[in-house]
Amino acid sequence: MAQAPNVREVDAIVIGAGFSGLHATKRLTDMGLSVRAFDAAEGVGGVWTWNRYPGARTDSLHMTYCYSFDRDLLNEWGYSEVNPRQPEVLAYLRHVADRFDLEQYYTFGTSVTSAVYDEAAGRWVIETDHGETVSATYFVTGLGLVSAPLQPTAPGLEKFRGEVHHTARWPHHEVDFAGKRVAVIGTGSSGVQLVATIADRVGSLTVFQRTANWVAKTPNRPVGAAELDEIRQDYDTIWKRVRHHPAGWPWEMPTRSALETPPDERERVFEQQFEEGGFALLYNAFSDLSTDKAANDLLCDFMRRKIQEMVDDPELAAKLTPTHPYGAKRPPTTDGYYQAFNKPNVGLVDLRETPIEAFTENGIRTSAGEHEFDMIVLATGFDAITGAFTRMQIRGVGGRDLNEYWSDGPKTYLGLAVPGFPNMFTVAGPQTPFSNLPPGAQAQGSWISDAISWMREHDQAAMHPTEAAAEGWTALCNEIAESLPATSVAADANSWFTGANVEGKAVAYNIYFGGHGSHADLCDEEAASEYPSFAKIPALVEQPA
Ligand code: NAP
C-alpha cells in the first residue's frame, strides 16, 4: 500500500534505506501495512551512499553481499568483482529498491530526531528535522552499525585553510589529490583502503596512526559470467552455509586446531589462507584462532613476520604492527597498505609517541611540531552501534529515555527489542552478531515482521521484552565476549566493538559474539515458542453494544 509522503498516521515507521531498512520496508509492506520510511541521505544505499571515498569496497564476498529472499533477484544480479566497489553495492541497493518499488515509501534527506511512545494511544510518535510529525503502531530501525561519524577530538579544525574530508561524508564530486600534501587520520578499514588507493596519486601522504591494525590481503579479482552461473547453481548450499556460519560466510568452519598442528604444516596453512585473503585467515585456517589466546598469538606472530617482509624499514614495520590479538579490532582487508610505506612520499606519525595537540591554519600540530598540509582526511570512524540511537531522543513507557537506559551500555533482548519500548524493533542493532551484514539484516527483518504478523493474528497490540530477558541477553553477550581472547576488553584494542574508541562513552560489550548462526537459532526458538521472553499488551476487543 503506497503512502503519500504527507500521510501522518501509518501502521509502521522505518528508519533507514540501507540493507536493513530496505528489507524491513519490503517485508512490512508485503504484509499490507502502511509504512512511512525515512533516511537522512538523498536516496537509498545506507552506508554506501555516504562512504564513497577512493578505494571503498566491501570485503564481504560478492555472492553473499546481497539478499537471498528472492531467487529471481539472485539470478538476475551479478557483481563484477569478488569484493564489489562502493558504486556497485550502491547500484545493487538501487536495483532492489526499483525492482520492488520501495522508494515510494521513503522520505529522503530527512532525519528522525525523536521517537516517543504515546502509551495511551499505543503509538510511536516521531518528529523529523523537517518539522514533520508522524505516528505509527510499529517502529522499526535500520540505523546501521557505523552511521554516526566521529570527528577528531583535538581543537582548531575549523582554522585549517585547506580541504577537509571525512571518509563517511565523502563529497559526490571527484577529489583531486594530484601534487597535494595529504594527511590521513585513522587506520581502520576506511583509512587503510584510502591510503592504499591514493598513495600513488598524492604529492605526499602522512598517515596519523593511533592504534596499528592487522591488515589482511584482499581476495579481490574480477568475477566472470561462467563463475556466476556456477554460483547460481550452488545457491542452496551457499545460503545453508551462511545460515550456520558464525560470521555469515559461505564457508564451513575448520576443525583442525592451530595449537595441535605441527609448526611447518601450520605455517603452510597460514600462508595459504593469507594468500586467500580477507577473512579466510581468521575463519578458514584453524578452529581455535578466535577462542584460544595461544592460538591467536601464533597468528599474530605469523602476521608480524608478514609485515616485516612487506615494509622495508624495520622500525616502521614495528610501528605498524599491532599489539592486540588478531580480530580484537575488525581486521581491514586491502592490498598495498603496508607496501605504501615503502614509497618515499609516504610517512607515518605514531600518535602514541607524538599526539595531535591541535589543528592549525596550515595543518596539524603534534607534540613534536607542526606538519603542513593541503588536505586533511578524517578516517576517524564512528560512534558505532549505539551512536545512531543515542544521537536521537527515544522515549518509551513512562518516559523511559533510551539514552539513560543504555548509559552503561546497551540492554536488549536478542538485539531486536528493548524493555519499556513496546513495538520498537531494531535491525542490526546493539547486541546483534557482527557478521556479513546482508544475511543478518535479512534474518532480523524477517523475524521482526513475523513477530508483528504474530501479534496481529493473536490480538496483541504490542510487545516488548521483559527486563529479565534483556538482563539475561546482556549477561550472555558479556560472558561470551569475556571468554574470547580477542573480544574481551582485556584485549585492549580501543575497538568500536566496545565503544572504547569514543571519549567518554561507556565501554561495554555491544555485540553478541556467539555468532550469526547461533543467533538465528535463538531467534527461531523464541518465535517458535510464541515469544515467551516478551510481555504482551493485548489489543482492546470492542464489546457489542
Ligand atoms: P574505525 O575502524 O573505527 O577506524 C577509525 C580510525 O581512526 C582508528 O584508527 C582510530 O584510532 C582513528 N581515530 C579515531 N579518532 C581519532 C582521533 N581523535 N585521533 C586519532 N585517531 C583517531 O573506522 P573505519 O575505518 O571507518 O571503519 C569502521 C567500520 O566500518 C569497520 O570496522 C568496518 O566494519 C566498516 N567498514 C568496512 C569496510 C570494508 O572494507 N568493507 C570499509 C570501511 C569501513 P583507534 O583505533 O585508536 O580508535
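**Reading a predicted model, feature by feature**

Biologist: Let's start with a strand pair: which residue in strand 12 is the bridge partner of Ala358?

Modeller: The partner of Ala358 is Arg365 in strand 12. Helices (H or I, at least four residues) and strands (E, at least two) are DSSP runs, numbered from the N terminus. Before we go on, this is a predicted model, in which local features need pLDDT of at least 70 and side-chain atom pairs count only at pLDDT 80 or more, while totals for chains, interfaces and linings use all residues. Residues are numbered from 1 along each chain as its sequence is written, and side-chain values use heavy atoms, leaving out hydrogens and water.

Biologist: In what sense do strand 11 and strand 12 pair, and over how many bridges?

Modeller: Two strands pair if DSSP finds at least two bridges between them. Here strand 11 (residues 356-359) and strand 12 (residues 363-366) run antiparallel, with 3 bridges. They form a hairpin with 3 residues between them.

Biologist: Which residue of strand 13 stands opposite Arg365?

Modeller: Glu370 does. Strand 12 pairs with strand 13 (residues 369-372) in the antiparallel sense as well, over 4 bridges. These two strands form a hairpin with 2 residues between them.

Biologist: On to the ligand: how many residues surround it, and which are the closest?

Modeller: A residue counts as near a molecule if one of its heavy atoms lies within 4 Å of it. The shell holds 28 residues, the closest being Ser190, Arg210, Thr211, Lys329 and Asn494. Helix 5 (residues 189-198) gives the most to this shell, with 3 residues. By class, the shell divides into 9 nonpolar, 13 polar and 6 charged residues. In that scheme Ala, Val, Leu, Ile, Met, Phe, Trp, Tyr, Cys and Pro are nonpolar, Asp, Glu, Lys and Arg are charged, and the others, Gly among them, are polar.

Biologist: How far is an oxygen atom of the ligand from an N or O atom in the side chain of Ser190?

Modeller: That distance is 2.6 Å. For the side chain of Gln193, an N or O atom lies 3.0 Å from a ligand oxygen, and a polar backbone atom of Ala379 is 3.1 Å from an oxygen of the ligand. Taken alone the ligand exposes 900 Å², and the protein buries 91% of that.

Biologist: Is His165 buried or exposed?

Modeller: Buried means under 20% relative accessible area, exposed over 50%, and partly exposed in between (1.4 Å probe, protein chains only). His165 counts as buried because its relative accessibility is 10%. His165 sits in strand 7 (residues 163-166), and its side chain is joined to that of Glu163 by a polar contact of 3.0 Å.

Biologist: Where does Gly224 lie?

Modeller: Gly224 is in the loop between strand 9 (204-209) and helix 6 (225-233). With a relative accessible area of 34%, Gly224 is partly exposed. Asn51 is in the loop between helix 2 (47-50) and helix 3 (71-76), and Asn51 is buried at 11%. The C-alpha atoms of Asn51 and Arg169 are 6.3 Å apart, though 118 residues separate them along the chain.

Biologist: How many disulfides does the count come to?

Modeller: A disulfide is a covalent bond between the sulfur atoms of two cysteines. The rule asks for a pair of cysteine sulfur atoms within 2.5 Å, and the count comes to 0. Among the cysteines, Cys66 is buried at 6% relative accessible area, and Cys300 is buried at 4%.

Terms used: A polar contact is a pair of N or O atoms within 3.5 Å; within protein, one must be able to donate a hydrogen and the other to accept it, and residues adjacent in sequence count only if both atoms are side-chain atoms. Accessible areas come from the Shrake-Rupley method with a 1.4 Å probe; for residues, only the protein chains shown count as cover.
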